[in-house]
Number of protein chains: 2
Amino acid sequence: MYSQTAEYALRAMACLALRPNVLVSTNVLARETKVPSNYLSKVLQTLANAGLIEGRRGVGGGYKLSRDPKDTTLLQVINSVSPVERITSCPLGLQNHGPNLCPLHRRADMAAAAVIEIFGNTTLADLLTNSNKPLCDTEKTAKLSVHGSLTR
Amino acid sequence: MYSQTAEYALRAMACLALRPNVLVSTNVLARETKVPSNYLSKVLQTLANAGLIEGRRGVGGGYKLSRDPKDTTLLQVINSVSPVERITSCPLGLQNHGPNLCPLHRRADMAAAAVIEIFGNTTLADLLTNSNKPLCDTEKTAKLSVHGSLTR
């Protein structure tokens, strides 16, 4: 339904949503999301370029969400790294098809619409409403420190 | 919703479904599907390995469907190159989650279920039931020769 990069971006955003207004280092995010640090660095840069997160370099630096978790949908996160788009005209550019999709691409468009609806109607805040928090070992989550790292 | 390779596989299968029981060369398929020939060769080999098509080498050789278009779903085609799977346990392997998905991966599983339903309930034969045939310029399709190539 979405790329591996989108999965990693969603994990990172969910991790940051668990610690609003706290700068979380790339190393902590990499550990929590189980994403290789180098790969995650690029994903985080893309998310920053899209305006979804903001970072600060140096000691005590890291990333935090740039807005309230209720104002960012999962679709916005996915689209910042690998857009899911409706199909509005023949992907092969066939003149006789144009906007009249053939049955194959009509099905593909139906699937895109379903995916867009599910992720477009879910915000980061929606992920935090029950006790089974995303990405986090329940026991460890209870011990989250204000510095965004885990007390162990 | 699916990979570029899956899109190419679907195009190739739709093209073959338009010519049941006719061997179609990779070159003709590449032209019709607008997929680079080298890339398409690998996709066709994967489809053959999955038992969805069968080929014959040499002069007059090519590929044809290995069974009736009504017996192959679009999901089977997609799964032969890049499987779409339901999420049955935490992708991060978190012990406290296990089969109880967090809200993030529950949404991802909902999207997978929607995609699987749409493509699993559509056969290659379903793509051929109206006049707007997949991948084919309508005018050219009317002139399809029995050799699987187009009369121009």
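**View 1. Helix α5 of chain A against helix α5 of chain B.** In this predicted model, the axes of α5(A) (residues 103–120) and α5(B) (residues 103–120) come within 9 Å and cross at roughly 160°, where axes are lines fitted to C-alpha atoms, for helices over the stretch in contact, and angles run from 0 to 180 degrees between N-to-C directions. The two helices are therefore roughly antiparallel to each other (angles under 35 degrees count as roughly parallel, over 145 as roughly antiparallel, 65 to 115 as roughly perpendicular and the rest as oblique). On the side of α5(A), the contact is made by R107(A), M110(A), A111(A), A114(A), V115(A), I118(A) and F119(A), and on the side of α5(B) by R107(B), M110(B), A111(B), A114(B), V115(B), I118(B) and F119(B), two residues being in contact if their C-beta atoms, placed from the backbone, lie within 7 Å. By class, this contact has 12 nonpolar, no polar and 2 charged residues (Ala, Val, Leu, Ile, Met, Phe, Trp, Tyr, Cys and Pro count as nonpolar, Asp, Glu, Lys and Arg as charged, and the others, Gly among them, as polar).

View 2. Strands β1(A) (residues 53–56) and β2(A) (residues 62–65) pair in the antiparallel sense over 4 bridges, pairing being assigned if DSSP finds at least two bridges between two strands; helices (H or I, at least four residues) and strands (E, at least two) are DSSP runs, numbered from the N terminus. The bridge partner of E54(A) in β2(A) is K64(A), and in the hairpin, which has 5 residues between the strands, G58(A) takes a positive phi near 90°.

**View 3. The β1–β2 hairpin of chain B.** In chain B, β1(B) (residues 53–56) and β2(B) (residues 62–65) pair in the antiparallel sense over 4 bridges, with R56(B) standing opposite G62(B) in β2(B). The hairpin has 5 residues between its strands, and G58(B) in the turn has a positive phi of about 90°.

**View 4. Helix α1 of chain B packed on helix α3 of chain B.** Helices α1(B) (residues 4–17) and α3(B) (residues 37–49) pack at an angle of about 75°, with their axes 10 Å apart, which makes α1(B) roughly perpendicular to α3(B). T5(B), Y8(B), A9(B), A12(B) and M13(B) of α1(B) meet Y39(B), L40(B), V43(B), L44(B) and L47(B) of α3(B), and these residues divide into 9 nonpolar, 1 polar and no charged.

**Numbering and confidence.** Residues are numbered from 1 along each chain as its sequence is written, while chains are lettered from A and ligands numbered from 1 in the order in which they are written. For this predicted model, local features need pLDDT of at least 70 and side-chain atom pairs count only at pLDDT 80 or more, whereas totals for chains, interfaces and linings use all residues.
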